Amino acid sequence: KVFVRSGIRYDYLMYDKDETFFRELVEHHISGQLKVAPEHISNNVLFYMQKPPKELYVKFTKKYKEINRQLKKDQYLVPYLMSSHPGCTLNDAILLAEYIRDERIFVEQVQDFYPTPGTLATCMYYTEVDPRTPNLEKVYVAKNPHEKAMQRALIQYSKPNNQKLVYEALQKARRFDLIGYGKECLIKPIKRN
């Protein structure tokens, strides 16, 4: 048996009109979990990442679950997610946290954006503009270590050691609707001494 361990390009699977490979993969080549890299869920951030829109990933996850259901298999998706990519605002990070909550995803690993030479993202990180645009449009870049920590904490909002950062991020973004005791909330209110 051969298992896919490092992950796949879900977008390529979705662009393939013939589902034979997708079904073969799910039926014979996954050992319980499949790694995929949507990296984010905000279409704003995905644009700067040069990744397909959220809708394609959502379509992929539905198809993956459906094939697993048909085959009576219990296999999971492990999403690779990134924080603080150029273009990612606090509101984009909150949008990702809400998606994680809604889909009941437990995120163990998060990749903080780190500039690497020769990439478009690194160019945007240092210049704070999008070189693909005729007028070199401004790109928001989280460079402050504390804001980067808040964006990362939002992705792992359920971890107890992230509660203060998540609370602070939600207050800063004025998303008080996500602080409380309902199932739509990300965290409970923090008691001040």
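**Lead: a cavity and its surroundings**

The largest cavity is lined by P38, Y57, P79, L81, Y99, I100 and I105. A cavity here is a set of points, on a 1 Å grid over the protein atoms alone, where a 1.4 Å probe fits but cannot get out, and lining residues have an atom within 4 Å of a point. Please keep in mind that this is a predicted model, in which local features need pLDDT of at least 70 and side-chain atom pairs count only at pLDDT 80 or more, while totals for chains, interfaces and linings use all residues. Residues are numbered from 1 along each chain as its sequence is written, and side-chain values use heavy atoms, leaving out hydrogens and water.

**The cavity**

- Searching the whole structure gives one cavity of 30 Å³ or more, and the volume of the largest cavity is about 30 Å³. Such a volume is the space filled by probe spheres set on the grid points, which are joined across faces, edges and corners.
- β2 (76-83) and α5 (90-103) each contribute at least two lining residues. Helices (H or I, at least four residues) and strands (E, at least two) are DSSP runs, numbered from the N terminus.
- The cavity lining has seven nonpolar residues, no polar and no charged ones. Ala, Val, Leu, Ile, Met, Phe, Trp, Tyr, Cys and Pro count as nonpolar, Asp, Glu, Lys and Arg as charged, and the others, Gly among them, as polar.

**The pocket**

- The largest pocket has a volume of about 690 Å³; a pocket is an open set of points with protein on both sides within 12 Å along at least five of seven lines.
- Its lining counts 28 residues, and Y76, L77, V78, P79 and I105 lie nearest the centre.
- β1 (33-39), α4 (54-70), β2 and α5 each supply at least two residues of this lining, which divides into 14 nonpolar, seven polar and seven charged.

**The fold**

- The protein chain has eight helices and three strands, arranged along the sequence as α-α-β-α-α-β-α-β-α-α-α.
- β1 and β2 are parallel and share five bridges, with Q33 standing opposite Y76 in β2. Two strands pair if DSSP finds at least two bridges between them.
- β2 also runs parallel to β3 (residues 110-112), joined by three bridges, and L81 stands opposite V110 in β3.
- From β2 the chain crosses through α5 to β3 in a right-handed β-α-β crossover. Right-handed means that, with the strands pointing away from the viewer, the path from the first strand over the helix to the second runs clockwise.
- The C-alpha trace spans about 55 × 45 × 25 Å along its principal axes.

**Burial and cysteines**

- Of the 193 residues in the chain, 44% are buried. Buried means under 20% relative accessible area, exposed over 50%, and partly exposed in between (1.4 Å probe, protein chains only).
- The whole structure has zero disulfides, a disulfide being a pair of cysteine sulfur atoms within 2.5 Å. C88 is in none, and the nearest cysteine sulfur, that of C123, is 18 Å away.
- C88 is buried at 0% relative accessible area, and C185 is buried at 16%.

**Two positive phi angles**

- Most residues other than glycine have a negative phi.
- E39, not a glycine, has a positive phi of about 65°; E39 lies in strand β1 and is buried at 17% relative accessibility.
- Q50 has a positive phi near 60°. Q50 sits in the loop between α3 (43-49) and α4 and is exposed, with a relative accessible area of 52%.
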